[in-house]
Amino acid sequence: MQNDFRSIKIDREKCQGRMACMRICPTQAIRVRNRKATLLNDRCIDCGMCVRVCPNNAVVPQTSSFSDFTRFKYTIALPSPVLYSQFRGEFTPGAILNAFKKIGFDDAYDVACASEAVSIAIQEFLDNSTLNQTYISPFCPVIVRLIQIRYPNLLENLIPIDSPMEIAAREAKNLKMKETGLNAKEIGVIYITPCPAKMIAIKNPPRKKYSFVDGAISIAQIYPNLLQALNQQDTVGAKEVKGIGLGWPILGGQVSTLRAHDTIAIAGIMEVIRIFEDLENGKLKNIKYIECHSCSTACVGGSLNVENPYMSRNRVIKLLEKYGNTPCQDRDYVKNLIQKNFFSLPGKIDATPIAPIDSDISQALKKMQEKVTIYEKLPKIDCGACGSPDCNTFAEDIITNNAEIEDCIFVAMKKFENLSVELIDIVKKHSNKIYRNINI
Amino acid sequence: MNEVFSQTYEIRGNDFQNAGKVSTDIKTLLKQLGIRPEIIRKVAIACYEAEMNIVMYAKIGTMRMDIDTEKIKITVSDQGPGIADIELAMTEGYSTATQEMREMGFGAGMGLPNIKKNSDEFKIESTLGIGTKLEITIFIN
Ligand SMILES: Nc1ncnc2c1ncn2[C@@H]1O[C@H](COP(=O)(O)OP(=O)(O)OP(=O)(O)O)[C@@H](O)[C@H]1O
Ligand code: SF4
Ligand SMILES: [Mg+2]
């Protein structure tokens, strides 16, 4: 486990300290010091907002590079179903999978079918759950991370079911081991990802020791080659991809597959935070399942996609109309697998809270009082010029010795003004004495 | 010396738009202080229910929080109609919530009982026509 792995890094060479990332970060995880942005790893939830807004492309997603995969004898591409929605042409999901064989992969495997199986597993879990509990979908890694950091009370609400990515990876690996006679280490499963966050689900999978996925390449990175291959290949012989799992990339994609009607679907990290506050306050008692996405248009809006999220959404809906009605899974077979704990995850997810302002409660109370006093002196306009995202965070940075009050240009200016007044007084007082014997 | 940190928040009656905000601010603060999650959960529920009762029934009120190294004390006082029969109000399921409030998901009559359940010490006093005051204490350790 690499708990401190973060799926983005700031390239200090490219960074010009323009603060767009700092301003948009929903967890105040970025500071600008000496004209360079720095990431506070313990606060970052891997949402990728900074990746989107950086004017210098200095926030670099930590996805894999192709050279990471030369150690494998056989490679399987495992594209997020989001990929099916990225082409304006009439390429079928089957044809898209096929094209991977033309761009250096040995095979490609569909994830949407695993999503359908996971939908069934969720339904069964909710039907059999006797607890009066609101469950949260754990499939967006940002949401899991947000809960680990800020809502440790909600860790038990994360539904203990494995992700379609993992289920599909395990299936693909097993299948190819049988087919090729190679062992697990010789077969590489590479996720084609809409977001950097999936990298943390690979490096540090919730409730698991290791992931069945060996790395991830972004949709954007693979797109040009894939498009070229698609334009060249003939589409005959493509497998048909089908089932309700095709709808998972859009908002409501999960809950629309559930019979349970006490479900809600939420997209956008700020909206998710609002719902988590309610949940922690004991509201939302009769909601059984919450589908949560960090991205405001769900996974079709991932930061590493190429297509406009609204166009993608439209494409997903079309795919659903065309292929969604034919089941991909045999319900009874999946239920049988559920009995064998094929989908459930027994482990626990640890809380990783942000360090308190002091580990000693007495000191913490004292510092909190200081913080309030400092905050009252600040202009409260959240301009960010100090290098902290807002006046409140700046006050916190001061009491934790990560900033000085004069870093605020308004405070500094006021101080300068007061000093100037004092200086003029001194000058006036002494000038009479100084000049009394001199004639200029 | 025993350090104390205090903060007072104002809550306005009928302000459903900001309802829950005070509880959220208090939770954020407690997390920054490093208070344990189990304790935060209790405070969250108690504060939220108390906040909502002001929003729903009173004209205006304040929530004052005093934290020291041992306990969190929350004093909620409002100017409002007051409660005629406290024992009845404390009964699970008793509610005078209007139809509109019920449509918004309130009015299960569980607020006050839940506040009591989640506090280690609980006091309530009320004067008809003047207002209501709650004193909630939750121990940190
Ligand atoms: N601050 C207050 N001022 C006046 N009346 C109050 C106040 N708080 C509670 N009450 C009265 O006590 C009753 C019970 O309160 P309680 O919080 O237990 O339930 P509720 O608010 O009706 O429903 P719920 O809290 O479950 O949404 C209320 O319906 C109301 O009549
Ligand atoms: S919503 Fe989807 S695309 Fe966005 S961060 Fe979460 S998993 Fe990734
Ligand atoms: Mg109430």
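Predicted model: local features only at pLDDT ≥ 70, side-chain atom pairs only at ≥ 80, totals over all residues.
Biologist: Let's start with chain B. How many helices and strands does chain B have?

Modeller: Chain B has five helices and five strands.

Biologist: And what pattern does chain B follow along the sequence?

Modeller: The order is β-α-α-β-β-α-α-α-β-β.

Biologist: What radius of gyration does chain B have, against a compact globule?

Modeller: Chain B has 15 Å. A compact globule with 141 residues would be near 14 Å, so the two agree. Along its principal axes, the C-alpha trace of chain B spans about 45 × 30 × 25 Å.

Biologist: What share of chain B counts as buried?

Modeller: Of its 141 residues, 52% are buried. Chain B also exposes about 7,000 Å². Carbon and sulfur atoms supply 49% of that area.

Biologist: What about contacts in chain B between residues at least 6 apart in sequence?

Modeller: Of those contacts, 63% join residues at least 24 apart.

Biologist: Switching to chain A. How many helices and strands there?

Modeller: Chain A comes to 14 helices and twelve strands. Its C-alpha atoms fill a box of roughly 105 × 55 × 40 Å along the principal axes.

Biologist: And what percentage of chain A is buried?

Modeller: For chain A, 53% of the 440 residues count as buried. The accessible surface of chain A is about 21,100 Å². Carbon and sulfur atoms hold 51% of that surface.

Biologist: Let's zoom in. Where is A:Val118?

Modeller: A:Val118 is in helix H4 of chain A, which covers residues 112–128.

Biologist: Is A:Val118 buried or exposed?

Modeller: A:Val118 counts as buried, because its relative accessibility is 0%. The cut-off for buried is under 20%.

Biologist: What is A:Val118 in contact with, beyond its neighbours in sequence?

Modeller: Leaving out residues within four places, the contacts of A:Val118 include A:Phe139, A:Trp248 and A:Phe343. A:Ile161, A:Asp162, A:Ser163, A:Pro164 and A:Ile167 are in contact with A:Val118 too.

Biologist: How far apart are A:Val118 and A:Val241?

Modeller: In sequence, they are 123 residues apart. In space, A:Val118 and A:Val241 are 16 Å apart, C-alpha to C-alpha.

Biologist: Now a strand residue. Where is A:Thr263, and what does A:Thr263 touch?

Modeller: A:Thr263 is in strand S10 of chain A, residues 263–267. Not counting residues up to four places away, A:Thr263 touches A:Val255, A:Leu258, A:Ile287 and A:Tyr289.

Biologist: Is A:Thr263 buried or exposed?

Modeller: Buried, because its relative accessibility is 16%.

Biologist: Which residues lie nearest the centre of the largest cavity?

Modeller: A:Phe139, A:Tyr191, A:Pro194, A:Lys198 and A:Cys299 do, out of 31 lining residues. The elements of chain A that give two or more residues to this lining are helices H5 and H6 and strands S11 and S12.

Biologist: How do the residues of that lining divide?

Modeller: The lining of the largest cavity has 21 nonpolar, eight polar and two charged residues. A:Phe139 is one of the lining residues, and A:Phe139 is also in contact with A:Val118.

Biologist: What volume does the second largest cavity have?

Modeller: About 110 Å³. It is lined by 15 residues, and the closest to its centre are A:Cys15, A:Arg18, A:Met19, A:Cys21 and A:Cys54. The lining of the second largest cavity has eleven nonpolar, three polar and one charged residue.

Technical notes. Residues numbered from 1 in each chain as written. Chains lettered and ligands numbered in written order. Heavy atoms only, no water. Helix = DSSP H or I, 4+ residues; strand = E, 2+ residues; numbered from the N terminus. Rg over C-alpha atoms; globule rule 2.2 N^0.38 Å. Buried < 20%, exposed > 50% of the residue type's maximum accessible area, 1.4 Å probe, protein only. Contact = heavy atoms within 4.5 Å. Areas by Shrake-Rupley, 256 points an atom, 1.4 Å probe, with all protein chains shown as cover. 1 Å grid on protein atoms, 1.4 Å probe; cavity = no way out; pocket = protein on both sides within 12 Å on 5 of 7 lines; lining within 4 Å. Nonpolar A, V, L, I, M, F, W, Y, C, P; charged D, E, K, R; others polar. Points joined across faces, edges and corners; volume = space filled by probe spheres on them.
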